[in-house]
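This report walks through a structure step by step, for a reader who is new to describing proteins. Please keep the sequence and the 3D view at hand while reading.

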Amino acid sequence: MSSDLIFKSATELAALLEARELSSVELATELMARTRAVDGRVQAFNSFDEADTLAQARAADARRDAGQARGPLDGIPVGIKDVIAVAGQPLTASSRMLADFVSPYDATVTCRLKDAGAIPWGRLNMDEFAMGSSTENSAFRITANPWDLTRVPGGSSGGPAAAVAAGETILALGSDTGGSIRQPASFCGVVGLKPTYGLVSRYGLIAFASSLDQIGPFARTVEDAALLLGAIAGHDPLDSTSCQIEVPDYRAELARRPGPWKLGVPKEYFSAGLDSEVGDAIRAAIEFYRAAGSEIREVSLPVAAEYAVSVYYIIATAEASSNLARYDGVRYGHRSMAATDAVDIYFKTRAEGFGPEVKRRIILGTHVLSSGYYDAYYLRAQKVRTLIRQDFLRAYQEVDALLAPVAPTAAFKRGEKSSDPLAMYLSDIYTISLNLAGLPGVSIPCGFTRAGLPVGLQIIGQPFREAELLAIARGYEQAHDWHTRHPSL
Amino acid sequence: MASPSDFNIDYVANLARLALTAQEKETFSRQLGDVLQYIEKLREVDVGQVEPTAHAFPMFNVWAEDQSRPGLPVEVALQNAPAQRDNMIVVPVVVE
């Protein structure tokens with residue numbers, strides 16, 4: 001029963017809960033037992049609060065007993081990346097800077113989960129301040145890929161992706177600034193969606209790069225991702241970049257959009273640098289859509305393909321250097337005990353509190369914004385950002401969505417890229433242009449390498465058309481069984 | 001015109017209020033030198049007639065009603081402070 005239960009989808013579990021064949025307490029108890037059994041090897045969690053989780057599960061069961069269940073998510077645990085605020089729980093961003101920080105309030109997405117009856121479950125590991133592509137930059141632990149414990153789970157949302165893949169949670173929330181949901185979803189063989197910029201409130205998300213950050217769902221099925229997205233999406237007056245968009249019932253829309261579609265394939269994304277096994281899996285997925293009646297067209301994203309990494313590492317680091325100025329040792333977070341005066345507190349607190357990748361990015365971001373360099377780097381990058389966006393909008397005059405790889409390779413070995421930041425940055429090459437253009441994208445499982453590592457297909461959608469994007473993803477998922485395989489731990 | 005060779009880590013680290021060790025300065029200078037060399041390719045792009053993008057979906061004049069609403073109680077706002085006394089955050093002497 002237990003192994004069956006922990007790998008069931010949220011929609012299946014919702015039906016069991018509704019039929020009273022399962023209680024939320026039973027479900028939470030199974031997940032906690034699973035987590036205790038495997039997380040010593042997976043290391044997906046920074047912390048979890050069993051008493052709080054059980055109390056919420058009991059409350060969900062009491063609502064259902066009273067005929068007041070709040071919908072399909074009521075009583076379902078949702079793992080939370082340790083960068084999203086949950087009142088009364090630690091909020092560390094996997095940084096020594098916030099090692100002892102306890103959130104005084106809920107993020108808007110947390111409020112919405114609670115309103116839907118879902119149970120925020122645990123604090124999931126990540127690259128420090130979401131900076132990285134392997135979760136090796138966490139100050140606390142290195143998360144393993146559940147499919148091969150010697151490999152990375154991807155990043156920065158490596159904890160959420162690994163926890164979903166390993167059956168330690170049913171659903172999870174992550175954040176994506178340059179691929180931090182889609183790339184770990186791909187590496188761990190789960191579904192990960194980055195919504196359109198502005199669809200989901202960022203209030204209560206620790207800021208990395210404010211014009212790029214979005215919160216989004218991890219799940220084992222497209223339908224579950226649709227369900228979770230529906231719970232968290234929509235306008236929030238507390239985030240002035242959140243859009244006034246009517247949120248459809250994404251789950252119901254899946255059935256209403258059977259296809260076929262017009263799908264574009266960016267020709268530049270299949271050039272040198274793409275691993276041949278990954279390329280084969282993506283091409284097979286493209287052939288599936290063609291055989292199922294969709295029209296496949298080659299499109300070109302010349303600026304995005306060539307310049308997105310450069311633009312991203314200027315804009316993201318510039319915004320990060322500004323956002324992370326708040327960690328000054330004065331009001332909250334780490335404060336150096338070695339400081340000799342009020343200004344020295346800043347220098348030493350930041351030296352002690354931040355890890356190497358965060359320091360590197362603060363230095364780079366400060367440099368590109370500094371006097372004499374702003375126009376050459378930051379302003380020029382913002383202009384090329386405009387051209388990247390135009391690349392996609394031009395493609396969308398011909399097609400509904402794009403099919404692409406998520407990452408150039410499957411999960412790489414621990415330590416393989418950690419000493420070469422540029423090589424690590426280049427592993428984001430297919431994902432970061434979406435953040436620059438504000439577009440939604442989803443990674444779904446589309447095969448395995450000969451070594452047994454998952455490969456993800458990236459489907460890139462049009463702004464605020466997540467319903468269509470998810471329907472396209474669901475079309476593939478229904479005809480394949482990759483998502484039904486689970487790692488043996 | 002900016003060039004990767006202009007990168008002065010002491011100057012930038014001071015602007016960022018970040019104390020770096022000699023080892024960090026050496027490592028970061030080399031690694032960021034590679035990154036700056038890589039992003040040099042942006043100079044190839046003709047951006048003469050292009051407007052900059054700050055946000056993918058520019059929004060202007062987002063107004064909030066001027067209404068008071070509950071904020072964090074003082075003790076909750078101070079719960080993460082490194083040092084506090086009498087509902088205030090304690091810092092080293094700034095002015096003698």
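## A covered helix in chain A

In this predicted model, helix α8 of chain A, which spans residues 222-232, is mostly covered, since eleven of its eleven residues are buried. Just after α8(A) comes A:G234, whose phi is positive, at about 120°.

A:L469 counts as buried because 27 other C-beta atoms lie within 10 Å, the cut-off being 20 or more. Although A:L469 and A:L229 are 240 residues apart along the chain, their C-alpha atoms are separated by 12 Å. Once neighbours within four places in sequence are left aside, the contacts of A:L469 are with A:A401, A:P440, A:V442, A:I459 and A:G461.

Chain A contains 17 helices and eleven strands. Its radius of gyration is 21 Å, close to the 23 Å that the globule rule gives for 489 residues, so chain A is as compact as a globular protein of that length. The C-alpha atoms of chain A fill a box of roughly 65 × 55 × 45 Å along the principal axes, and 62% of the 489 residues count as buried. Of the contacts in chain A with a separation of 6 or more, 75% are between residues 24 or more positions apart.

Chain B has three helices and two strands, and from the N terminus on these elements follow the order α-α-α-β-β. The radius of gyration of chain B is 23 Å, well over the 12 Å that the globule rule gives for 96 residues, so chain B is more spread out than a compact globule. A box of roughly 55 × 45 × 25 Å, taken along the principal axes, holds the C-alpha atoms of chain B, and 15% of its 96 residues count as buried.

## Where the chains touch

How many residues does the contact take from each chain? Chain A gives 56 residues and chain B gives 46 residues. On the side of chain A that touches chain B, the elements that give two or more residues are α11 (302-323), α12 (342-353), α13 (356-369), α14 (374-395) and α15 (421-426). The largest share of that side, twelve residues, comes from α14(A). By class, the residues on this side of chain A divide into 30 nonpolar, 15 polar and eleven charged.

Two packed helices are described by the angle between their axes and the distance between the axes. For α13(A) and helix α2 of chain B, residues 22-39, the angle is about 60° and the axes are 11 Å apart. This angle makes α13(A) oblique to α2(B), and the crossing is right-handed. The residues that meet are A:K359, A:R360, A:I363 and A:L364 in α13(A) and B:E24, B:F28, B:Q31, B:L32 and B:V35 in α2(B), and this contact has five nonpolar, one polar and three charged residues.

Within chain A, α11(A) and α13(A) pack at an angle of about 100°, with their axes 7 Å apart, which makes α11(A) roughly perpendicular to α13(A). Among the residues that make this contact are A:Y313, A:I314 and A:T317 of α11(A) and A:R361, A:I362 and A:L364 of α13(A). The residues of the contact divide into eight nonpolar, four polar and one charged.

## Backbone details in the loops of chain A

A cis peptide bond, with omega about 10°, joins A:G155 and A:S156, and A:S156 lies in the loop between β3 (119-124) and α6 (158-165). Another cis peptide bond joins A:G259 and A:P260, with omega about 0°, and A:P260 is in the loop between α9 (250-256) and β7 (262-266).

A:Q43 is not a glycine, yet its phi is positive, near 60°. A:Q43 sits in the loop between α3 (24-42) and β1 (45-47) and is buried, with 21 other C-beta atoms within 10 Å. A:A130, which is also not a glycine, has a positive phi of about 70°. A:A130 belongs to the loop between β3 and α6 and counts as buried, with 30 C-beta neighbours inside 10 Å.

Definitions and conventions. Residues are numbered from 1 along each chain as its sequence is written. Chains are lettered from A and ligands numbered from 1 in the order in which they are written. This is a predicted model: local features need pLDDT of at least 70, side-chain atom pairs count only at pLDDT 80 or more; totals for chains, interfaces and linings use all residues. Helices (H or I, at least four residues) and strands (E, at least two) are DSSP runs, numbered from the N terminus. The radius of gyration is taken over C-alpha atoms; the globule rule is 2.2 Å times the number of residues to the power 0.38. A residue is buried if 20 or more other C-beta atoms lie within 10 Å of its own, exposed if 12 or fewer, and partly exposed in between; C-beta atoms are placed from the backbone. Two residues are in contact if their C-beta atoms, placed from the backbone, lie within 7 Å. Ala, Val, Leu, Ile, Met, Phe, Trp, Tyr, Cys and Pro count as nonpolar, Asp, Glu, Lys and Arg as charged, and the others, Gly among them, as polar. Axes are lines fitted to C-alpha atoms, for helices over the stretch in contact, and angles run from 0 to 180 degrees between N-to-C directions. Angles under 35 degrees count as roughly parallel, over 145 as roughly antiparallel, 65 to 115 as roughly perpendicular and the rest as oblique. A crossing is left-handed if the near helix is turned anticlockwise from the far one by less than a right angle, and right-handed if clockwise.
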